[in-house]
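Trainee: I have a model open and want to learn how to read its features. Can you take me through some of them?

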Amino acid sequence: MRAFLTRIAKGALEKDVEKEFRPLLEELIREHIVKRSDDGSVRLDGKYRAGILDVLPSGTAFVELIGAKGRDLLIPPEHLNGGKNGDYVIVRRLFGKAGRPSAKVVKVVQPAFVYAVGYMKKTESGLEPMHIKTDLPMELADETGDLPEHTVFQVDNRTSKILRILGSLEDPAVDEKISLAIFNKQEAFTDEAEREAAAWGDRVDASLYPDRTDLRHLPFCTIDPVDAKDFDDAVYWDTKTDTLYVAIADVSHYVTPDCAIDREARQRGFSIYFPHKSIPMLPRALSENICSLKPDVDRLAYVCRLEIDTETLEVKRHTFFEALIRSRRRYNYDEIDTYLQNGFADAPEKDRETLRFIFPLRSLTDRLRKKRLEKGYDFRSPEVRMTLDEQQNLTETRLEESTPSHALIEDCMLLANKAAAEHFDVGIFRIHEPPTPERIEKLVDELGKIGIYVETPEEDFHALVLELQEEAREKGVEPYVDQLIIQTQKQASYSHENVGHFGLGFERYTHFTSPIRRYADLTLHRLLKAIFAHDEKRREYILRNIEPLCIKISELEREATRVEWDFMARKYARYAESHREKTYRGVVIEAAQIPAAVTDEGIVGMRLFCDRSDLLLFDRIEAKINIVHLAQAKIFVLVEKATHLLEESL
């Protein structure tokens, strides 16, 4: 919705408005809120503004403007017209009053939450439909008398109607359906998209691509997680010419603008990854087959070729071109880490060709990383990996931290991403803005209260972070402090304008290397190809729609992450419910009125809400399960013992 409102606020061609929003556009035109011009463009009438409501406890609200500059507009309670916190609204400016500019809501175009998930719960009054996130009663347009206890369903909040039955809350298999339904994500593709994907077949006939650069003689390899099914990047380091080849799956060859696959990919934005399966952005016939850079088969690739000065570590020149490659080997991170640690004297013959360049490439990327961290940041942020059984119950967890193999691939991808960003001034940038002085001050104060002090001025944030990390490392709390520092910074996003990437320390940056799982990268490939082909018509079309697209995919990225987090929380809750007898050990990460701790032994990453309000940040606790809300996916514990983590490190 934000993307649509940006279009009509700034003015756009009506034909560029996405199909799903055209009924709403027609409605706004009929109500004279949007004007249609003779040149085919549409734009909000000057009296109106679009935005998001922020309703205060007092009832007064402000509207955060979308697609327009200026201060947030004040909305008095009597002018909310049914608008609620987070709703997307159209407001009309009110003139003639002194003080802050004000307005009144004239139309709620979309509620804050379009879809909800409910379940049937037994209460004193009998079976009632309850909201799964708040556990509050739901008013539905449908009769629910025939639905048994624990039935889970998706609701359209605009009509209060049940859209579909998801299953039973008692069934662990329903968790993924709940997490997807909250954000209305779909696993299945349309028949049209599946047919388009299947039409490409299973193999690439190299004879059909005589204009592509043939790189099949080069021993590319892929390095991915052990359970990966889609391989969208392969690398090769030419030690004789100091040239790095980063080959990326050429998805844009198969997915043309506005085809059925493209329309679905644009709505999904990203692949979603659960511990036991993925919900891909592209049909599996593409993502796991013809696009995927599998070993020992010909594949189409879009290649970034970088000639590197190994003394200065600067890229002397780079080029982008369409190519044919044939990956020699599909490695996982663990395999490469073992080779990097032990050498490859005992490696099988099939690995030697690729390993001969992996070792010198590791040396290069280590030096590149060291140079990058002079401006950028290195945070310990291990990811929790879950293992589920056949019934989709959680059985174990492990922490996956960055290893030498991760770092090697990461810095290769960073080079290609940086190179891609050099070719346009308006396009699709990956941006990360610096933290505000207020948030830096709050971080320093919060850590100072529990004994982590720094002398570096707050203005020098990079030096400040390094000092905080050193203090935290000495006291054994580095991962937790790193998480606080990350939370202090703004969230990375996509933008049509460049403002740099603060976390990486790059002046220009974009996403080029994952078009199988990120729509941003697919769009960038199209833009680069248009630029290099001097196709102004195609380039202008892409850029005409680039701002609303960046807004949309930034929102979709956040949604995909929330889906994954919600699913994990549900698996933790089920585990806690069936393991009530256990003692759970963890560290307090939020010292609020209801402190939150996270387990760091056994089943790690489990969020526990504690019954004691006197706990301090980084207290180590031992606790027993008190209440588990399976519906809300929340775990409440009784703290039996608490010791400050900093005291343990003395």
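Trainee: Where is Asn81 placed?
Mentor: Helices (H or I, at least four residues) and strands (E, at least two) are DSSP runs, numbered from the N terminus. Asn81 sits in the loop between β6 (73–75) and β7 (88–94). Its phi is positive, about 50°, although Asn81 is not a glycine.

Trainee: What should I know about the model itself?
Mentor: It is predicted: local features need pLDDT of at least 70, side-chain atom pairs count only at pLDDT 80 or more, and totals for chains, interfaces and linings use all residues. Residues are numbered from 1 along each chain as its sequence is written, and side-chain values use heavy atoms, with hydrogens and water left out.

Trainee: Is His32 buried or exposed?
Mentor: Buried means under 20% relative accessible area, exposed over 50%, partly exposed in between (1.4 Å probe, protein chains only). His32 has 60%, so it is exposed. The loop between α2 (22–30) and β2 (34–36) holds His32. His32 also has a positive phi, about 65°, and is not a glycine.

Trainee: And Tyr245, buried or exposed?
Mentor: Tyr245 is buried, because its relative accessible area is 9%. Tyr245 belongs to strand β16 (residues 243–249).

Trainee: How do I read strand pairing?
Mentor: Two strands pair if DSSP finds at least two bridges between them. Here, β9 (residues 115–123) and β10 (residues 126–131) run antiparallel, joined by six bridges. They form a hairpin, with two residues between the strands. Gly118 has His131 in β10 as its bridge partner.

Trainee: What is the order of the open sheet of three strands?
Mentor: The order is β1-β3-β2, and the pairing is antiparallel. β1 (12–13) and β2 are the edge strands, each pairing on one side only. Three bridges link β2 to β3 (residues 41–44) in the antiparallel sense. Opposite Arg36 stands Val42 in β3.

Trainee: Which residues form the negative surface patch?
Mentor: Patch residues have over 30% relative accessible area and no salt bridge, with like charges joined within 9 Å. A salt bridge is a side-chain nitrogen of Lys or Arg within 4 Å of a carboxyl oxygen of Asp or Glu. Asp and Glu count as negative. The patch here consists of Glu438, Glu441, Asp445 and Glu446. Glu438 lies in helix α11 (residues 437–448). Glu438 counts as exposed because its relative accessibility is 56%.

Methods: Patch = residues over 30% accessible without salt bridge, like charges linked within 9 Å, V, L, I, M, F, W, Y side chains within 5 Å. Areas by Shrake-Rupley, 256 points an atom, 1.4 Å probe, with all protein chains shown as cover. Charge placed at Lys NZ, Arg CZ, Asp CG, Glu CD.
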